[in-house]
Every structure is written in structure tokens, then in C-alpha cells.
Amino acid sequence: MSPLQSPSFGSVADVTERLAGAGYLASTAVATTVFLADRLGKPLLVEGPAGVGKTELAKAVAESTKSELVRLQCYEGIDESRALYEWNHAKQLLRITASQGSESWDRTRDDVFSEEFLLPRPLLTAIRRAEPTVLLIDEIDKADVEVEGLLLEVLSDYQVTVPEMGTITATRKPFVLLTSNSTRELSEALKRRCLFLHLDFPDADLERRIVASRVPELADALTDALVRTVRVLRGLELRKAPSVAETIDWGRTLLALGMDTLDDDAVRATLGVVLKHQSDQVKAAAELRLN
Amino acid sequence: MALLAPHGLPGHLVDFVAALRTHGVAVGPGETIDAAKVLTALDLLHRDHLREGLAAAVLRRSGQRKVFDTLFDLYFPAALGAGSGEVEVPRVGDDEDGAVDVDALRDVLADLLRDGDDSALAELARAVVDALARTGSGGQGDRPGAQPSWSAYQALRMLSPETLLARIVDALRDADVEPGSFADEVLRREIRDRIARFRDMITDEVRRRTAETRGREQVARTSVPKQAEQVEFLSAYAGQLAELRRTVHPLARRLAARLAVRRKHAKRGELDMRRTLRRSMSTGGVPMNPAFRARRPGRPDLVVLCDVSGSVAGFSHFTLLLVQALREQFSKVRVFAFVERADEVTHLFEPGAELSGVMNRVLREASLVAFDGHSDYGGSFGSFAEYWSDALTPRSSLLILGDARTNYRDPNLTVLRRLAGQARHTHWLNPEPRRQWGTGDSAALRYADVVPMHECRTAAQLATVVESLLPI
């Protein structure tokens, strides 16, 4: 292990503090794994339900380390010309026709497969940047299995091989963060190369602080009631447990409606903000005696 | 002291990793090296950081966390022996070594639960376990020389924290909140949650102390919880089953994704010889342009026939939930439940239906019992064939769930053979271990002669079987 650059964070406490400065309140688990990913130079795979702040984490890391965020959004059918690089065919053709007859074949061939005709896509961009970079590979589980193979070289050696040109190695390792909603099992090869963080719902105290920082106008007592209620809802067997984003939305809704206590009527009127499935609402109402 | 590892910290780490492996967490040498790097990068005085750091290095799936936490507490305990806590356990007569004063102790516990102070609760758990083991509560006094015995059962029975619920709720309730309202219910559940956490603390503490006296390998072998997918259906208790139900949707999603990949790869059918030869006429008999058979997307009807008698209820319930979650993979699903006779319960599994209480509704609303409520496979197959045999068509797959324990009644192989002949495929999923098939009143081996029978003891096994059975 020979880090190419000095680590960005000094200690776990330093991570917590600087992420907080970027507006992200990190739990011990998050701070520790971010610290380790940075220190050991390994990619970080973040898994967890929707709405717990996986993508936010990448943005906060970028902001706190003053790096640029390079984002690769995965979707079904993404391929290497979208993720890695592509040759600029039109420009290549132009170059060939421009020098027709005046140049030998060998020179032309060497010339059209050079840097100038390469269109970098997010992965190559992140590898080639000399400034601090955070590479976010978002929703990797949406991409096809073949794309994972493509990532392996980038993730383990921080390099990209272009057959016509040779291997491009990172001059400065980017901080790589992959997110997954675990709609499918990722391959062992990919997981092996990463540190793993399961990002779950935060504990009560942290969630209170998150809500307070996002909806500062909300009264403390109401925030407290809100967080406690959401935690109880998560304890029920629901189809979709409410996430942090929903807690914040709920807080904003109550604020907009000018409600200052979370009594039966308020909950009944606004339950749809936190529970998005009809069957979940019915169940919660029945179990929590909301009628 | 036997707790010191002979090879220092690296040796200790390897032991820890080995324990994880025996509990089904696949940790490779690469991960172990990562874990060792984590040890060098972190300040080892922060136990929480160490825990999260090691988890990041060795875990690869979220379901493994519970096993990891328990083993971490065993291998990297927070304290040795009784530790040095602030919390004092009240004694009878204020004597340092006297018996534990149960009533006073319950008062202390109620106060701590009311405040929800987790660290103080953990210290109380430690002190209680220690005090109970050394002096007992009934006043049998000091037992010099005796091996201390740690017992979660004894501690929890003495404290019985559940009975404190009403008292704490009363103390916390605001004056204007009426009992039975929403706010009251939320509070009640919150306190119940705290009490459950305290029970876990006691259990963890007992596990730690036992590991000190009896060796952690032995404790790790016997009292570490299994991953939800590895729990056997037939021996699972309510809590494990609830956790299992929570894994249904991720499991179904994973299965569906794998099936989608398989479908994609099998999109092009096999070579169509007749059309290829016919096409080759125009190129002088040279098959330039081969023709392939188009594959019809195979979405079969599924007919599930499942035993819902008490002995296999956990298994049937889980499998039905899985089928329900996978319903996009089938054009039509019909579900029949049976105990002594069969009845259709498809309407209870409609999309969007509330599924966690569905088993109760099945038992309450369907007419399944004729005589004594013990499962009767022969009779059930008979009644199914009599009333619903039109559910089975050459396009449908029949899935039978049950342990094939007939209570020594007629297994009715003829009817099963006829049903199997009517359906395109028939498979039997049996939650019993294979070695118990055919023992006692089990007719499993006789049924297995008629239809293919698969052993499905755990959710992981079930997933494998379902994946291999589902048509492309």
C-alpha cells in the first residue's frame, strides 16, 4: 500500500466534524468507514434503503475535501462508451480526409488513436484528473452484470486500459463511492474490492439533529414527537418503512400547515406524507389506534 | 489468563475471522488482510470505531450484521470481569454482599427505562448479572469457592421488566393525553422497544461472562444468532420468523433479477431446421441465413397447494409470501390451503393486500378442518381433485408445500398421481431434513416416488430451489 497522496482526513473525529461542516451529520459507522476508505485508498460501497442519504454522503465528502464530484449515474443498458471512454469517430474521419495522400498509413493510424480523439466519460475523467476528485458511481445495482467487470480494473488499480493507446493510471487516486439499493446481488469480485457500509436509518438522537438542521423552524418538542413516531412506524411490518427524507418532508408539511402538536388529527391528515402505500396507511392506522 | 491470544493481535483477528466463517459469513484472506489494515489505521481505544471499521472490511451483506455484532462482543469484549460501573445494585439490609433487593432494583430499572439512558442501562445489566451470580437473590448468601453461574433466565425472571411497562407509561404520559389514543400507543411501543433492548443487554452480558469462564469458542458455537436466511423453518421462533418475513422482498427481488438475466440470455431459441432448409433453397442449398425458433415468453400458471397446519406454518407462510412477491413472474397464481381438506385462499393474497396477518385469516376464514384438525394429506388431495381439478391445466405448475406427515392416514397416492399428470410440472417442497423423510408417520418417500420432492429447510435453500424450478 503506497498512497499516492497524503490522506484527506486526520482522524475519525475530523471526518465527523468536516462532514458536519458540509451539512451532513454522520453516524460513527459513516465517519469510520469514510475515514478508512480514505486512509486505505479503497472504494466504498454504500448499501441501504432509499432515502437515507447515500448520494448526499458523496456530495458532502466532495465538499468537505474541496474535491470535484464526478458522477456516473448507472441505468439498465449502460455500456463502456457511456461509462469509460469513446473514440470520436467523426473527428477521426475528418483527420484522415484532411491529410489524404500526404502522409503514410502508419503515421495516420498512430495519430488518429491519440489523446486528441478520445472522448473521456466519467470513469476516465476521474482517473485522469490531477486535482482532488470524488467519483460517485450511483445505483450500481441498476447496471447490468457486465458493467461490473468493466469497473474492476478502475476500482482495484485505479487505471483504465485503452487497447489502442495503452494503460492510463491515475496520478491522483480519486475517492470512489458506489451506492446500491440492493435490488440485485452484486458480484463477489466487485464487493471484494470495496469497503462495505450498510447505511441504515439513523438512531433517534441523530435523526433529531438531522431534522433540526434541515427544518430549523420546527419547534423542538414537535421534532421530538415526529422522530419518535417515525421510529414506531419503522417498527411495524410495512411495505416501505419511512426514511429520513420522509421524516424531513413530514416536518415541512406540519410547518406549512401551521400545526404545532402531533395529535391524532394531525397524524391522520398527514400520514400520507410518510407512508406512500395505501395498505401501509391502513395498517398503521389500525395498529396505532388512529380512528 | 486463557483470554490472551497466543499470537497477539493478528492471531486474535484470525480467530475472530474463523468464528465468522463457521457462522456462515464468507470472509476471504483478502478481507482478513483488509481487517488487519483497519487495525493499524484506527485508534484501538475507540471500540465503536473498531467495530464499524472491522464490519466495513469483513462484511459484504447487510443481513450478516447481527452475527458480526455478537461475535465482536465475544472477541473484543467491552470489559473483563465485573468491570467498574457506577451503578450499584441495591442489597437487602445495605450489606455489601447481601442478597439483591429485588423491589428496590426494579425501582432503579424503571427509572432508567423511563429516562431511556442506554449507557446506564447497560451498566445496570452488567451489575445485575454479576450480583446475581455471586450472591443470588433469595438470601442464600455468599457461596465461597462455587463456580459462578450466569443466567439470563434467572435475571430476567427476577426483574421481569415487561411488568414495568404500565408504570413507566403512566409516569411519562402527559396530563392531556387520554389513554388509548395515538400518542399513547406510540409511547407504549417506544417503551416496549426499550424494554426489549434491555433484555438483549442482559443476554449479551451473560454471554460475555460465560465466555470468560467457559471459553469463547464454546459460547460462539452455541449461542450466536443465525442469519435469517440460515434459520431452519421448523425450529424458528416468532422473532426469527418476523425477521425472515422482512427478508422476503429483497429475496424475491434478487430472484426476479436473476430470472430476468436468464430470460435475456435465452431470448433466441434453438435452430429451426425446417425453415433453415427452406430458406437455403434460394442460395442453392447453402444455409446462408439460419432461422431460429422464436421463444414464447413462458409465464406459467402457478397452483400452490400448501399445508397450513401448526407444525409447518412458518414454512408455508414464508413460501406463500415469496410466491406472492414473485407474482409478476407468473401469469396467474392460485393458492389453496389445506389441513384436513383443501380450500381456495387466493383472494387473501391479492396485490396490495396486507400480508403479515394473512396466515391468521387463512385459518379463520377458509374451511380447512373436518374432524380433529390434524393434517390429512390424502383427504386434502381428494377434496382438491374433487372441487378444483379444473385449476390444473397443461400450462400450470403445481407446487405442494408440506412435511408429508399424514398422521398415519391414507396418503392417497392415486389422486396425487392423477393431479401430477394434469399439470405441466409438479414439485413438492418439504421443510424437513432429508434424513427424516419416511420416519414415523411421514409419507415423504412414498410421495417422492410420485412427484419430485425438494428439501427446503432454510430461506437460502428455498431460494435456490425456487430459482431452479421457475421456468425461463
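This is a predicted model: local features need pLDDT of at least 70, side-chain atom pairs count only at pLDDT 80 or more; totals for chains, interfaces and linings use all residues.

Q: Why are α11(A) and α9(B) called roughly perpendicular to each other?
A: Helix α11 (residues 220–235) of chain A packs against helix α9 (residues 182–214) of chain B at an angle of about 70°, and their axes are 10 Å apart. Angles from 65 to 115 degrees count as roughly perpendicular, and α11(A) and α9(B) are therefore given that description. In passing α9(B), α11(A) makes a left-handed crossing.

Q: Which residues of α11(A) and α9(B) meet, and what is the make-up of this contact by residue class?
A: From α11(A) come A:Arg228, A:Thr229, A:Val232 and A:Gly235, and they meet B:Val186, B:Arg189, B:Glu190 and B:Asp193 of α9(B). By class, the residues of the contact of α11(A) with α9(B) comprise four charged, two polar and two nonpolar, with Gly counted among the polar ones.

Q: What makes β5 and β8 of chain B edge strands of the sheet?
A: The sheet is an open one of six strands with mixed pairing, and its order in chain B is β5-β4-β3-β6-β7-β8. Both β5 (342–344) and β8 (453–455) of chain B have a single partner strand, so one side of each is left without a neighbour in the sheet. On average, and with direction ignored, neighbouring strands of this sheet are turned by 25° against each other.

Q: How do you know that β4 and β5 of chain B count as paired?
A: Pairing requires at least two bridges between the strands, and strand β4 (residues 332–338) of chain B is joined to β5(B) over three bridges, in the antiparallel sense. Opposite B:Asp343 in β5(B) stands B:Ala337.

Q: Why does A:Glu139 count as partly exposed?
A: A residue is buried with 20 or more C-beta neighbours within 10 Å and exposed with 12 or fewer; A:Glu139 has 18 inside 10 Å and therefore counts as partly exposed. The residue lies in the loop between β5 (133–138) and α8 (145–157) of chain A, and A:Glu139 has a positive phi of about 50° although it is not a glycine.

Q: What makes B:Tyr408 buried or exposed?
A: With 10 other C-beta atoms within 10 Å, B:Tyr408 is exposed, because the cut-off for that class is 12 or fewer. B:Tyr408 belongs to the loop between β6 (396–401) and α17 (413–422) of chain B, and although B:Tyr408 is not a glycine, its phi is positive, at about 60°.

Key
Residues are numbered from 1 along each chain as its sequence is written. Chains are lettered from A and ligands numbered from 1 in the order in which they are written. Axes are lines fitted to C-alpha atoms, for helices over the stretch in contact, and angles run from 0 to 180 degrees between N-to-C directions. Helices (H or I, at least four residues) and strands (E, at least two) are DSSP runs, numbered from the N terminus. Angles under 35 degrees count as roughly parallel, over 145 as roughly antiparallel, 65 to 115 as roughly perpendicular and the rest as oblique. A crossing is left-handed if the near helix is turned anticlockwise from the far one by less than a right angle, and right-handed if clockwise. Two residues are in contact if their C-beta atoms, placed from the backbone, lie within 7 Å.
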